[in-house]
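Subject: Structure for your review

Dear colleague,

I am passing on the structure below, and I would be grateful if you could look through it alongside the notes that come after it.

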Amino acid sequence: MQARVTAILVARSGVAYLERTLSGLARQTRQPDSVIAVDAGSTDNSSDLLAASGPLQLVSAPAVNFGAAVARAVQVIAPPATDGEWLWLLAHDNAPAPTALEQLLAAVEIAPSVAIAGPKLMRWEQPDVIAEFGETITQFGASIALVEGELDQAQHDVQDDVLGVAAGGMLVRRSLWTALGGFDPGLPSIDAALDFSIRARLAGYRVVVVPGAKVASVGGPELFGRRSVPDRRRVRIARSAQLHRRLVYSPGGALPFHWLSLLPLAVLRAAGQLVAKRPGAVGGEFTTALSAAFGGSGIGQARRNLRANRQVGWASIAPLRMPPAEARERRRQFREQANSASTGAASAPAAAAGFVTHGGLWTVLVVAVIGVIAWGQLLGATSVAGGTMTSLSATVGELWSHVGYGWREVGVGFVGASDPFAYLLAVLGSITFWAPSFSIVLLYVLAMPLAALGAWFAARHVTTRPMLPVLAAILWAVAPPLLGSMSAGHLGAVIAHLLLPWLVLAGLSASRSWAAAAGAALLFAATAASAPVLVPALLLCWLAWMVSRPKSIHRLIAIPFPALALFAPLVVQQVLRGDPLALLAEPGVPTAAGQTSGLRLALAEAGTGMHGWTSVLNNLSLPGTGSAVLVAVLLAPVGVLAILALFVPGSRRAIPSMVIALLGFATAVIGTHIQVTVLDGSSTPIWAGTGLSLFWLGLLGSAMVGLDALGRASVPLGLLAGVTSILLALPLLGTMYLGTAIVQGGGRILPAVVTAQAEGHPNIGTLVLTAQPRGGLSATLERGTGTTLDDQSTLASTATTLSADDRTLARMTGNLASHSGYDAASDLSRLSIGFVLLSPANTGAAAYARTSEALDSNALFTPVGATDNGLLWRYQNLPKTDAAAPVGNTGTPLGTAILLGQAIVFGLTLLLGIPTARRRRRTAVSGSVLDGPAGTFDEDDHD
Amino acid sequence: MQADEQPQKNRTRGAIIVSARIVAGTVGTFVAALAIAAAAWLPLPSHTVTPPSTTVTPVPAAQQRVCAGPLLRLGNDSGQDATIVSSVGRPAVRYGQTAGKAASSVLSTTDNATGVAPEVLTLPPAAQQATKPPLLTGSQSQTASTGDLVGFATAECSEGTSDTWLVGGATDTGRTTLVTLSNPSSVSATVSLSLYGPSGTISAAGSSGIVVTPGGQRVFSLAGFAPGVSSPVVRVQSRGGQVVANLQQSTVRTLEPGGVDIVGAANKPSLTNVIPGLVVSSSAALSAREAEPGYQDLRSVIRLLVPGTKQAHTEISVIPESGTGSGTTVSVVVEAGVVTDVPLDSFPDGNYSVVIASDQPVVAGARVSTVGTTGQTDFAWLAAATPIDKQAIVTVAPGPSPVLHLDNPTRKPATVTLTSGGVLAGTVAVPAGRSVSLPVSGSATYTLGGFDRLAVSMSYLGDGQLSAFSVSPSAPASGRITIYR
């Protein structure tokens with residue numbers, strides 16, 4: 001029986017390749033009996049070229065995929081007369097070798113069971129390299145090329161039976177083509193031919209590759225009609241095809257399970273993509289899963305088609321699948337190739353200081369000893385109180401129930417978004433899960449060594465001299481802003497100080513590493529949460545970094561996202577309330593900040609008392625006014641070094657540091673002019689210590705650059721700066737011993753009587769009254785053992801209006817503080833107030849005597865007497881009611897949605913932040929001296 | 001050729017880099033200096049929120065005043081058993097108010113063995129939120145002529161307080177002083193007494209932690225705490241319920257009754273104290289009797305105490321009422337913590353106003369005496385009056401020739417209107433810094449208006465009968481108060 005071959009040449013905008021393809025076709029030793037040319041919506045003159053070649057017929061089709069174009073062509077040819085009719089499918093970039101068709105026909109003619117024969121696809125530019133030679137699927141149905149990118153040394157020429165072949169150059173029996181209905185329309189490019197081959201196999205035919213038939217090919221089927229396909233898109237098409245085939249091939253019973261597993265698998269695979277640092281592929285996982293599940297890509301039609309033509313079982317093709325062991329081996333080889341390709345570029349590690357070998361460890365240990373001496377008194381306490389601090393909730397569960405959108409148990413309470421700081425506290429408290437408040441104690445004792453550790457690693461990143469990180473570590477650990485914030489009890493400022501060096505480190509590496517970018521994003525969120533006032537300055541730094549690294553913008557752009565997720569609910573609420581500046585308010589217990597001035601801020605002092613020197617000088621009977629001069633002298637070495645760095649070689653690296661210092665100083669100054677936190681009837685400015693930490697960071701960075709460039713002179717200058725800074729810090733280090741610290745150990749917010757009562761009645765309220773020196777009375781409500789630190793809300797502390805409950809409370813308070821005919825019993829019961837506490841502050845104020853007298857003569861109350869926390873009265877007739885469960889953070893759809901959204905953002909960031917490519921990462925960090933900031937601000941050559 | 005160009009190029013490049021660094025450094029230094037200068041001296045705009053606050057007007061409460069109660073003596077009806085206290089007769093109580101209807105009741109318990117308890121006057125709060133809270137007033141008078149108690153005594157019914165200064169009394173031979181503590185409130189009061197004498201603070205067992213039950217009256221003999229003190233001052237402080245405290249002094253000289261009077265609360269320690277209505281009568285007869293032994297305390301005295309720790313330089317001015325004379329001024333140095341009785345030289349009969357100016361806060365009172373035609377003596381204690389603002393009300397308990405004394409301590413003359421029962425009863429001009437007196441009718445209630453600030457007292461003078469009380473303002477405890485969140 002004489003075979004009859006119809007060649008179908010499909011072209012779409014393929015002028016560049018078409019000429020070679022047409023000439024290859026023309027030089028066939030066995031000419032096809034007829035040639036049908038299909039122009040699938042070309043935008044160039046492919047059509048003319050096709051017409052000039054003189055095909056039997058030229059079909060013009062709209063822009064359809066390869067399979068559909070072939071189907072068009074098959075429609076126009078005469079119906080098959082015999083079973084010996086063959087179709088030879090060629091795309092415009094499939095230039096066949098002269099003997100290609102002859103070899104293919106030879107293979108099919110000797111074996112009547114063969115219905116599909118595929119050529120050996122060679123690379124277009126490298127005719128001796130195999131582009132593809134047969135396809136198969138793994139145990140799980142993933143498609144895989146049998147041979148790919150190998151030099152053709154006839155090593156694969158023994159193969160013939162395969163599971164599938166590529167579309168380009170495929171010789172297929174026409175009757176089979178018609179019976180199977182051509183390529184599956186649900187598979188536009190990738191896997192279309194493989195699927196067709198599998199269906200042919202299941203219909204009982206054989207599929208072979210013919211080593212002697214060579215056809216050149218430019219690329220995979222996805223490239224048909226396109227100049228290039230981005231990697232992301234290719235992966236998506238392949239995944240989509242795999243899912244489509246899975247749903248088509250699965251047994252009917254398993255179909256629902258496959259369908260249901262689509263989305264969970266997408267989530268898992270997306271996580272995997274993040275861990276593998278391919279965040280671009282995450283979206284594809286979901287879109288492919290969704291389109292497979294709901295896209296209606298003709299799965300039903302395809303399944304019917306498959307069922308109608310299946311003659312043999314799946315078991316018959318099992319031997320043709322790739323064995324799992326071989327698949328693993330193939331994947332391993334692939335990874336190694338990728339790794340060697342990526343590390344090849346940056347392979348010259350520079351000698352960076354070693355943590356152990358160059359004194360980093362010893363510095364941290366010595367600073368740790370100093371830290372324990374300075375703050376160790378707190379170790380006996382269960383929590384730290386004073387300033388913005390008080391105890392945390394008693395259990396980890398409570399801590400986490402205070403994050404997100406829900407009931408805020410501060411004052412009369414309200415439903416609103418938690419401060420982002422609450423999340424940070426929940427994380428901190430979870431570390432010491434047996435006693436959450438103890439984490440703050442530990443943080444205080446370990447703050448100095450932790451600061452030293454962070455500064456050491458950050459400094460190693462920007463300097464080459466091994467001793468400079470040691471100096472930076474010491475200067476950062478005894479930084480006046482850190483010690484000032486610790487002494488005054490500004491927890492957020494302390495945490496921000498500890499995080500800043502790590503943020504710098506991660507931020508600088510973020511331009512090259514996904515893991516570092518994710519780390520920077522998390523650190524940014526944590527820093528922003530602990531010190532919202534830093535956010536504008538940090539955002540400016542981020543913008544500047546993106547401008548200077550436009551090529552890495554895709555890694556840098558998402559750094560503020562986790563912070564945004566944390567802040568979004570609060571931002572919405574504050575903006576709706578009309579005071580966006582209140583977002584900058586310091587989180588924690590509202591606390592009064594002392595008067596300060598621009599000059600004091602320039603001396604790196606956020607509080608009062610000149611870093612403790614005023615009282616020291618006073619104790620030594622020296623004029624306290626000299627303290628400012630003394631502090632200025634002690635600070636001078638660091639300041640002068642920072643300025644000097646602008647004049648020495650390498651000054652281009654000092655400029656950004658000095659800009660950061662300027663931003664920090666501006667933050668501190670502006671913060672003192674933003675008075676949004678309301679405390680006892682007056683508004684207090686934002687603590688300047690956080691801005692000063694940034695200020696100090698910039699100064700140190702610049703000073704390090706200067707010392708780096710100074711050569712031998714850097715040793716005495718560095719020593720001088722270190723010694724003066726330690727001297728400066730002495731009064732602040734001794735603050736626990738001098739009695740000047742505002743912080744103290746101990747966690748009881750309310751008198752013991754109340755605490756004892758709250759054991760059995762956790763909702764019992766205590767009205768805390770404080771007489772104000774200029775008249776009036778401030779009233780706050782504490783529940784149970786007192787409002788914990790994680791309960792605090794800047795929404796409450798920056799509120800400028802009174803809620804209805806606030807008004808009730810105020811009305812009742814005003815009457816309780818007066819000789820009044822008001823019957824407070826119903827209010828007390830409604831607000832569940834069991835105690836009234838008159839704070840011992842301002843006992844001289846008129847309101848103190850008035851309140852004390854009025855409460856004494858009020859028959860509703862029994863005086864309990866004087867306690868450490870003030871005068872206490874008990875309301876006897878409080879009915880013991882079970883508190884209505886307040887709105888939890890998952891109690892409202894909105895609250896749940898917020899938590900879920902934040903969990904997703906942080907989960908993704910964490911996955912992306914897990915350092916996976918170990919070798920790459922190491923070279924990335926150590927290569928930083930070449931490619932890091934030092935590279936950004938290229939060193940001036942020595943002149 | 002190329003070898004020559006290279007160093008040349010390098011030199012040029014080096015020079016450019018060095019000058020760039022100098023420019024950068026100079027600019028950087030300048031910016032740093034500018035930033036610090038701007039922060040230090042530039043007036044930067046501030047964003048300051050207004051703290052939320054609300055001003056609460058307390059719901060008016062029922063006002064209460066407690067009268068001093070019947071005249072008391074140690075011992076029972078027959079004068080035996082000196083450990084108990086019994087009363088003699090009942091006082092005549094009169095009361096009035098500016099609005100509403102006051103009611104009278106009696107305290108539920110008393111230490112008085114006779115069982116006659118002091119009267120409690122209660123004025124319910126105004127039904128509507130009145131622009132001015134209503135005022136309640138009341139006073140009592142009693143004439144005693146049984147046994148040792150002979151004389152005429154009056155007292156104002158007063159509001160409970162947590163801190164009362166009582167300037168008066170004596171516990172030396174023949175002088176009996178009783179402390180009465182009344183607690184009209186609904187919570188028990190814990191009272192402590194601080195006692196001062198001519199030799200300083202007197203510490204006495206049992207003078208603190210005195211519990212006065214709600215609606216109860218306690219009576220103590222001052223001699224129990226401070227025996228033999230000729231010039232005591234008592235400070236009564238209470239926690240819990242607020243109390244009304246009075247002293248009742250009766251004098252017996254050997255066997256001759258020498259009068260009785262009730263001491264009311266004095267103005268709190270102040271730099272200026274005014275005692276209006278010092279009545280000097282029968283001065284000739286008094287001078288004669290004063291010379292007799294045991295009769296020295298017929299002399300008029302001003303009693304002063306500096307509660308603080310620094311001695312006070314005081315100027316005591318005794319200014320005749322309605323008169324033209326500028327009065328007499330004495331300068332006295334008063335030691336801290338020591339009660340000082342300043343005797344007043346004999347003044348002609350008439351009404352005087354005493355103004356005590358001091359450089360340290362002092363409390364003050366005055367004692368005056370009279371001798372009747374039969375030789376019967378009586379005395380009266382006057383307390384420094386607490387000034388009253390804008391509106392005053394006084395009820396005149398019945399008694400011999402009641403006289404109302406008005407002292408204007410301000411620098412602005414006032415024309416005071418008196419209304420009684422809604423009818424204008426008179427108008428009197430009170431020049432700045434002067435005082436006037438005008439006779440009033442017994443059992444009537446007068447509302448005083450048309451002034452900024454007045455010190456007000458009442459005096460009664462009969463034949464061998466003398467008594468006085470100063471009029472106290474309503475306690476200002478129920479004013480508006482600002483509550484901050």
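This is a predicted model: local features need pLDDT of at least 70, side-chain atom pairs count only at pLDDT 80 or more; totals for chains, interfaces and linings use all residues.

To begin with chain B, its secondary structure amounts to three helices and 38 strands. Its radius of gyration is 32 Å, whereas the globule rule gives 23 Å for 485 residues, so chain B is more spread out than a compact globule. The C-alpha trace of chain B extends over about 145 × 50 × 50 Å along its principal axes. Of the 485 residues in this chain, 49% count as buried, and among the contacts of chain B with a separation of 6 or more, 78% come from residues 24 or more positions apart.

One sheet of chain B can be described in some detail: three strands, in the order β6-β10-β11, form an open sheet with antiparallel pairing. Strands β6 (92-97) and β11 (149-156) of chain B are at the edges, and because each has a single partner strand, one side of each is left without a neighbour in the sheet. From one strand to the next, the twist averages 5 degrees. Within this sheet, β10 (residues 136-146) of chain B pairs with β11(B) in the antiparallel sense over eight bridges, and B:Ala144 stands opposite B:Gly151, which belongs to β11(B).

Turning to the contact between the chains, 60 residues of chain A touch 49 residues of chain B. Several elements of chain A each supply at least two residues to this side, including α26 (651-672), β19 (777-783), α32 (804-816) and α34 (846-856), and α32(A) gives the most, with seven residues. By class, the side of chain A that touches chain B has 26 nonpolar, 24 polar and 10 charged residues. The two chains are also joined by strand pairing, in that β19(A) and β38 (residues 481-484) of chain B pair in the parallel sense over two bridges, with B:Tyr484 of β38(B) as the bridge partner of A:Ser778.

Inside chain A, the axes of helix α19 (residues 514-530) and helix α22 (residues 561-577) come within 7 Å and cross at roughly 35 degrees. The residues that make this contact include A:Leu522, A:Phe524 and A:Ala525 of α19(A), together with A:Phe561, A:Leu566 and A:Phe567 of α22(A); by class, the contact divides into 11 nonpolar, no polar and no charged residues.

The largest nonpolar core has 177 residues, and those with the most contacts inside it are A:Ala452, A:Ala472 and A:Ala473. Helix α15 (residues 438-462) of chain A gives the most to this core, with 18 residues. Leaving aside neighbours within four places in sequence, A:Ala472 is in contact with A:Ala455, A:Trp456, A:Ala459, A:Leu700 and A:Met704. Apart from this core lies another, of 113 residues, among them B:Val85, B:Ala265, B:Met458 and B:Phe469.

One further residue that may be worth a look is A:Gly901, which is found in helix α35 (residues 893-913) of chain A. A:Gly901 counts as partly exposed because it has 13 C-beta neighbours inside 10 Å. Its C-alpha atom is separated by 20 Å from that of A:Arg408, a residue 493 positions away along the chain.

With best regards

Definitions and conventions
Residues are numbered from 1 along each chain as its sequence is written. Chains are lettered from A and ligands numbered from 1 in the order in which they are written. Helices (H or I, at least four residues) and strands (E, at least two) are DSSP runs, numbered from the N terminus. The radius of gyration is taken over C-alpha atoms; the globule rule is 2.2 Å times the number of residues to the power 0.38. A residue is buried if 20 or more other C-beta atoms lie within 10 Å of its own, exposed if 12 or fewer, and partly exposed in between; C-beta atoms are placed from the backbone. Two residues are in contact if their C-beta atoms, placed from the backbone, lie within 7 Å. Ala, Val, Leu, Ile, Met, Phe, Trp, Tyr, Cys and Pro count as nonpolar, Asp, Glu, Lys and Arg as charged, and the others, Gly among them, as polar. Two strands pair if DSSP finds at least two bridges between them. Axes are lines fitted to C-alpha atoms, for helices over the stretch in contact, and angles run from 0 to 180 degrees between N-to-C directions. A nonpolar core is a set of buried Ala, Val, Leu, Ile, Met, Phe, Trp, Tyr and Cys residues joined through C-beta atoms within 7 Å.
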